[in-house]
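Here is a short note to read beside the structure. The points are numbered so that each can be checked in turn.

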Number of protein chains: 2
Amino acid sequence: MSEADGPLTGPVEIIGAGLVGTSIGLALGRAGIEVLLSDASADHLRTASGLGAGRPVTPDDRPQLVVVAVPPDHLGAVIASALRTSDAVVTDVGSVKSGPLAAVAGAPGVGRYVGGHPMAGSERSGPLAASAALFDGRPWAVTPHDTSDPRAVALVEALARVCGGVPVRLTPLEHDRAVARTSHLPHLLAALVAGRLADAPADHLALSGQGVRDVTRVAAGDPALYGQIVSANSEAVLALLTEVRERLDAMISAVGAADRDALEGVLREGVAGTAAIPGKHGGPTRPMRSVFVSVPDHPGELARLFADAGASEVNIEDVHIDHDPGRPVGLVELLVEEGRAEHLLASLESRGWVTHR
Amino acid sequence: MSEADGPLTGPVEIIGAGLVGTSIGLALGRAGIEVLLSDASADHLRTASGLGAGRPVTPDDRPQLVVVAVPPDHLGAVIASALRTSDAVVTDVGSVKSGPLAAVAGAPGVGRYVGGHPMAGSERSGPLAASAALFDGRPWAVTPHDTSDPRAVALVEALARVCGGVPVRLTPLEHDRAVARTSHLPHLLAALVAGRLADAPADHLALSGQGVRDVTRVAAGDPALYGQIVSANSEAVLALLTEVRERLDAMISAVGAADRDALEGVLREGVAGTAAIPGKHGGPTRPMRSVFVSVPDHPGELARLFADAGASEVNIEDVHIDHDPGRPVGLVELLVEEGRAEHLLASLESRGWVTHR
């Protein structure tokens, strides 16, 4: 995963040293590929270089691949400029793919452009939040257009793999419809839920549990950035928002008329949707079981728990630590394959842990 | 936390041995208090008894406190019956408080009724999902009415504490408005988001990241149960759904008209809402920082990581393990107090871990 991939030998120029651009630089550096950086902000450029994401680009550099990682509003212009001023393959990491393509359609050299979009990010932004591991195991959409050079497509897929990602090939239009559904709509509705909390009385918010925290987490993201992303994908987003308004109206009617069947119908659609999301490792979801353990909330206790769990030779697929207000003892949930849960419970209990069956 | 609380000596009768009723039985048993169980389902009753949550109630039992933990539709009738057939204090654990109270208002002995609602649950249900630790550190709403006997209120608050919860006193009406906002609305909108995934093409869903998983998790809950809960709180829920429809219309107009300022305005409301949710330990949110570490996805590695983190004497507030498709190496995010992050990073690096700054 961390080695150079066939066609990708570098150097790679990265335009835009924010969270994603800097993370790509770190990942390429990890694979031994030379990285050339630029950014409109001298601060960002200095920080990214300082983190080891690459060195500032110079006029004499001849990159093999240019990665455009600028804010959505500027993608089209910067991709066009990169095609014009070099003979390198050009890709980008924008969250929306139709718009940037339209900006360069028919331009000389457009065959060298292949869109990309790593499905990784953070509520944080900027080079300081970057990580070489940001893309490990993540889907990385690669979106060739009708006239993309197959060698350019191969190079961009190599970039995704060298960075640890899993290339997923889609047309630009399919990509935009997909992220409207799996990313932009969830973000917008999370913002609507979170917006209702802003002016709530403190004693009402004291009843907040894990559910509302999970639903609203993404809504903490930068409004200016998400405003750009949503605006760039307005057609697909509008179609979904309109669908949501219809279902919301049905929900309001059902609640107002005490029509329990209709309400349950909307809720059942939700259950079906949660089951449709693919599981870890992309394969069919393996049956999992949660193992709950009480852990005192001070240093070393989690360490002891994981050491003991590790000694039982059970692979822990996920961990959740409750962080509701006022908890003196943490409840740790370990998600393991169903067939291994009893063994883990017995093993932890034999080591003195308080488990909850 | 696990010891008997002043006024609460037992026995406690629990009517309804589902997830919450059985968990209360286990928590009381942990504190040495005698528990008497009943359930309309002989299977549930046998399972709960077998788990150690209490013994089946008999006609000669004289409980000090009756806890009604039946589905929302049956709360009023069962509370009324409990008041009529015993002289015990009666509480319930229903998700909505005005309806059950209305069902017993003016009835003889209503002064012995004090509503309750532990803010804990699960996407799972039934006694097998129960845990004595379900309520540890969780808010537990206690909702006296105008004629509640103060000694009954004290007894119900003692129940909350013995079960590990943190009593939060609210009027029934305030409670219902609070949970409409912090629980019912998030659930309903999560279902609307998830509902849009049900028929999506698989290659679109392949782009699902952590965001959509978090937003939709609660929507996996039982539609019949949530249908009952929402119906029982229809007035408060309708008021919020109507607010959401107004903001959704504003969002649709903003996206349709490419009015970036209006769109960012709605997103900014969301950011403010996420900041309003109280932090761990109920106090103001302490500044936290994430430390990222690469961990091979096989047994023992997490153990080794936590042992090493524990050796650095830094308290880990939360852990997140990425579970996106196809990841060969896990990225583990450790959330720690900001001032301790550098120490933890240095400590882990000195032990050979690959961290990401």
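**Notes on the predicted model**

1. Start with one residue in a loop. Gly339(A) sits in the loop that joins β11 (329–337) to α13 (341–350) in chain A. The model is a predicted one. Is Gly339(A) buried or exposed? Gly339(A) has 11 C-beta neighbours inside 10 Å, so Gly339(A) is classed as exposed. Between Gly339(A) and Val90(A) there are 249 residues of separation in sequence, and their C-alpha atoms are 48 Å apart in space.

2. Next, chain A as a whole. Chain A has 13 helices and twelve strands. Along the principal axes, its C-alpha atoms fill a box of roughly 65 × 55 × 40 Å. Chain A has 357 residues, and 54% of them count as buried. Among the contacts in chain A with a separation of 6 or more, 69% are between residues 24 or more positions apart.

3. A single helix of chain B shows how burial can be sided. Which residues of helix α3 (residues 75–85) of chain B are buried? They are Leu75(B), Val78(B), Ile79(B), Ala82(B) and Leu83(B). These residues lie on the same side of α3(B), because they cover an arc of only 135 degrees around the axis. The spacing follows a general rule: an α-helix has 3.6 residues a turn, so residues three or four places apart point the same way. On the face of α3(B) turned away from the buried side are the exposed residues Arg84(B) and Thr85(B).

4. Now the interface between the chains. How many residues of chain A are in contact with chain B? The contact involves 123 residues of chain A and 122 residues of chain B. On the chain A side, helix α6 (residues 172–195) gives the most, with 17 residues. By class, that side of chain A has 70 nonpolar, 29 polar and 24 charged residues.

5. The crossing of α10(A) and α10(B) is left-handed. The residues of this contact divide into 14 nonpolar, six polar and two charged. Among them are Leu238(A), Leu241(A) and Arg245(A) in α10(A), and Leu238(B), Leu241(B) and Arg245(B) in α10(B).

6. A second pair can be set beside that one. Helix α11 (residues 260–276) of chain A and helix α9 (residues 223–232) of chain B have axes that come within 9 Å and cross at roughly 130 degrees. That angle makes α11(A) oblique to α9(B). The crossing of α11(A) and α9(B) is right-handed. The contact of α11(A) with α9(B) has seven nonpolar, two polar and three charged residues. The residues that meet include Leu263(A), Leu267(A) and Val271(A) in α11(A), and Tyr226(B), Gly227(B) and Val230(B) in α9(B).

How values were computed: Residues numbered from 1 in each chain as written. Chains lettered and ligands numbered in written order. Predicted model: local features only at pLDDT ≥ 70, side-chain atom pairs only at ≥ 80, totals over all residues. Contact = placed C-beta atoms within 7 Å. Helix = DSSP H or I, 4+ residues; strand = E, 2+ residues; numbered from the N terminus. Nonpolar A, V, L, I, M, F, W, Y, C, P; charged D, E, K, R; others polar. Buried ≥ 20, exposed ≤ 12 C-beta atoms within 10 Å, placed from the backbone. Arc of directions from axis to C-beta. Axes fitted to C-alpha atoms, helices over the stretch in contact; angles between N-to-C directions. Parallel < 35°, antiparallel > 145°, perpendicular 65-115°, else oblique. Left-handed = near helix turned anticlockwise from the far one by under 90°.
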